[in-house]
Amino acid sequence: MRDLYKSDGNILSVAVCDDEITECCYISGRIRRLLEEMQVPALIRQFGSGDELLSAASQFDLIFLDILMRGLDGMQTAQMLRRQAFDPLLVFLSSSRDYVWDAYDVEAFQYLVKPVDDKKLKQVLQRAARKTESRAQEFIVVNSGRQVRKLFLDEIYYFEIKGRVMDVHGTRGVFAYYGQIGVLEQMLQDKGFFRCHKSYLINLKYAAGYNRQEAILDNGEKIMIAKRRYGLFCKEMLAYMKKNGGIL
């Protein structure tokens with residue numbers, strides 16, 4: 001695990017992926033110029049292949065992706081991004097309309113047919129800037145083998161430690177990586193998480209109810225509460241509810 005981050009709605013992080021270097025530079029330059037005109041601070045990086053992009057995809061809010069590339073094409077790259085639970089806004093660029101329906105399957109934000117005029121490109125950038133600003137939130141980045149994943153705290157139900165393996169249970173399923181629950185507990189202090197048992201660190205946001213033995217989550221799962229942690233759990237739960245409008 002690396003660290004705790006907060007996605008910054010004021011800085012738009014953009015990737016442009018095209019195996020034609022000239023085209024990649026051209027599109028990147030136009031995006032940079034339009035964002036400057038819009039006075040939207042941005043970081044823009046270029047990638048020459050889907051493999052290169054996948055190694056750094058967790059860093060980006062918005063990805064412009066050419067479909068017809070050598071090796072891993074744009075659609076295959078997008079499918080791998082979604083399987084890894086990365087959630088950037090995807091904008092496909094293509095000289096053909098043949099892949100429009102495929103784009104729906106990977107929840108594309110926009111499908112642009114080349115050549116793309118500045119007016120259309122600017123509209124996409126304006127919508128993307130508004131959308132990323134509204135969903136800015138904290139996340140952690142974890143590594144499992146060769147796979148890197150961005151995990152938004154707001155989407156995590158609970159962490160479960162099994163030996164040295166940490167299972168992250170969330171809205172997108174379960175993801176496992178090597179970690180230490182004590183380190184994670186310290187990192188997530190004051191972030192709405194509570195260690196109710198030596199093996200569990202739960203997100204209080206999803207606690208629908210509880211008794212002396214367990215916490216009941218919104219998804220129906222029941223997580224054990226250690227006897228010695230019950231009093232502190234009640235106190236933390238009450239404080240969380242007051243802070244987030246659950247109790248007046």
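## Basis

Residues are numbered from 1 along each chain as its sequence is written. In this predicted model, local features need pLDDT of at least 70, side-chain atom pairs count only at pLDDT 80 or more, totals for chains, interfaces and linings use all residues, and side-chain values use heavy atoms, with hydrogens and water left out.

Strand E10 spans residues 165–170. Strands (E, at least two residues) and helices (H or I, at least four) are DSSP runs, numbered from the N terminus. In E10, 5 of the 6 residues are buried, so the strand is largely enclosed by the rest of the structure. Buried means under 20% relative accessible area, exposed over 50%, partly exposed in between (1.4 Å probe, protein chains only).

E10 runs antiparallel to strand E9 (residues 156–162), joined by 6 bridges. Pairing takes at least two DSSP bridges between two strands. Lys162 stands opposite Val165. The E9 and E10 hairpin has 2 residues between the strands, and Gly163 takes a positive phi near 70°.

E10 also pairs with strand E11 (residues 173–178), antiparallel, over 6 bridges. Asp167 stands opposite Ala176 in E11. A hairpin of 2 residues joins E10 to E11.

## Lys120

Lys120 lies in helix H5 (residues 118–134). Its relative accessibility is 34%, so Lys120 counts as partly exposed. Lys120 and Val168 are 48 residues apart in sequence. Their C-alpha atoms are 40 Å apart in space.
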